[in-house]
Amino acid sequence: MSQYMSVEEAYNAGFLAGHDAGYQKGLLDSDVYIVDDCSCVSHGKVFGLKGSIRRAKFPMSIDTESLNEELTKGIMALAQSERGAGHDNWLNGIIVQFDFKFSNKGWVEAERYHFLDFVSSQSTMHRITKFDLDEVYNTYVDKRIVEIVKEKVAEYNNLCETNAPQEDKKRKYLEILYNNPAGFEITAGMTTNYRQLKTIYHQRKNHRLPEWVAFCKWIETLPHSELITGSCVESSL
């Protein structure tokens with residue numbers, strides 16, 4: 001009997017016994033890594049790490065089938081080269097997917113990164129009047145502002161219940177949207193890669209917003225995070 005389980009066998013083992021060793025082993029054989037959660041990130045997975053290491057050796061190879069997945073000093077040097085030089089292009093192949101809870105202020109800044117892509121997200125446009133307003137704002141939002149938003153939501157709901165004119169309801173809904181403070185937190189499903197995270201990490205690790213700092217700390221927990229951070233740490237495939 002093979003010492004390796006198929007992905008299906010590993011999944012079934014994990015389904016019956018949680019994320020046990022069998023499940024983890026099957027994922028690693030498939031070049032998939034489960035990443036621990038933090039205050040702003042959950043359900044994180046990394047794909048294609050070992051395969052990308054092997055493919056990073058293509059330029060100096062005449063027989064690609066003979067290449068292995070060993071992370072050599074040369075490949076490490078490519079990853080840790082200066083941002084924008086192009087030598088770290090192979091990091092594009094290491095895909096990271098996760099759920100990201102961020103403030104409105106943080107999302108405005110996150111959207112500048114071209115390869116930090118939204119899969120889907122919660123929507124203030126559709127559901128702003130349905131959120132629990134005592135739970136969705138971070139600790140920096142003034143309680144007086146929260147109360148103002150609550151009042152406007154109550155007024156909007158009253159307009160809906162009394163069958164008020166559509167224009168009145170539309171205006172009140174816009175008041176809620178435009179008065180919603182920057183500390184409102186929503187979750188989005190994201191997909192990116194190690195090369196994009198390399199840029200984010202070096203630009204945001206000492207940022208004024210605490211959620212950026214927390215996110216960069218999470219980046220440091222990714223498998224072979226030294227490819228992103230440039231720091232030498234003990235890790236293994």
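A salt bridge, as I use the term today, is a side-chain nitrogen of Lys or Arg within 4 Å of a carboxyl oxygen of Asp or Glu. Hello everyone, and let me say at once that this is a predicted model, where local features need pLDDT of at least 70, side-chain atom pairs count only at pLDDT 80 or more, and totals for chains, interfaces and linings use all residues. Residues are numbered from 1 along each chain as its sequence is written, and side-chain values use heavy atoms, with hydrogens and water left out.

Let's start with the charged pairs. The structure holds 12 salt bridges. One of them is between Glu-175 and Lys-152, whose side chains meet at 3.0 Å, N to O. Glu-175 belongs to helix H8 (residues 166–179) and Lys-152 to helix H7 (residues 143–161), so this pair ties together parts that are 23 residues apart in sequence. When I say helix, I mean a DSSP run of H or I with at least four residues; a strand is a run of E with at least two, and both are numbered from the N terminus.

Are these two partners buried or exposed? Glu-175 is buried, at 19% relative accessible area, and Lys-152 also counts as buried, at 17%. The cut-offs are these: buried is under 20% relative accessible area, exposed is over 50%, and partly exposed is in between, using a 1.4 Å probe and protein chains only.

Now please find Lys-172, which is in helix H8 too. Lys-172 makes a salt bridge with Glu-155, and their closest N and O atoms are 2.7 Å apart. This pair links distant parts of the chain, with Lys-172 in helix H8 and Glu-155 in helix H7, 17 residues apart. Lys-172 is buried at 14% relative accessibility, while Glu-155 is partly exposed at 35%.

What else does Lys-172 touch, leaving aside its neighbours within four places in sequence? Its contacts (heavy atoms within 4.5 Å) are Lys-152, Glu-155, Tyr-156 and Leu-159.

Glu-167 and Lys-170 meet in a salt bridge at 3.6 Å, N to O. Both lie in helix H8, three residues apart, about one turn of the helix. Glu-167 is exposed, at 53%, and Lys-170 is partly exposed, at 44%. Elsewhere, salt bridges that share partners join Lys-152, Glu-155, Arg-171, Lys-172 and Glu-175 into one network.

On to the aromatic rings. There are 15 aromatic pairs in the structure. Rings of Phe, Tyr and Trp (its six-membered ring) pair if their centres lie within 6.5 Å; planes under 30 degrees apart are stacked, over 60 edge-to-face, and the rest tilted. Phe-98 and Trp-218 make a tilted pair, 5.2 Å centre to centre with 55° between the planes. Phe-98 is in strand E3 (residues 95–103) and Trp-218 in helix H10, 120 residues apart. Both Phe-98 and Trp-218 are buried.

Tyr-137 and Phe-184 form an edge-to-face pair: 5.4 Å centre to centre, 70° between the planes. Tyr-137 sits in the loop between helix H6 (124–127) and H7, and Phe-184 in the loop between H8 and strand E5 (185–193), so the pair ties together parts 47 residues apart in sequence. Tyr-137 is buried at 10%, and Phe-184 is buried at 0%.

There is an aromatic cluster as well, formed by Phe-98, Phe-100, Phe-102, Trp-107, Tyr-113, Phe-118, Trp-212, Phe-215 and Trp-218.

Phe-215 takes us to the nonpolar core. Such a core is a set of buried Ala, Val, Leu, Ile, Met, Phe, Trp, Tyr and Cys residues joined through side-chain atoms within 4.5 Å. Which residues of the largest core touch the most other members? Among its 53 residues, they are Phe-215 and Leu-227. Helix H10 (residues 210–219) gives the most to this core, with five residues. Beyond its neighbours within four places in sequence, Phe-215 is in contact with Cys-40, Val-41, Phe-98, Phe-100, Leu-197 and Ile-200.

Last stop: the hairpin. Strands E1 (residues 32–35) and E2 (residues 41–47) run antiparallel and are joined by four bridges; strands pair if DSSP finds at least two bridges between them. Five residues lie between E1 and E2 in this hairpin, and Val-35 stands opposite Gly-44 in E2.
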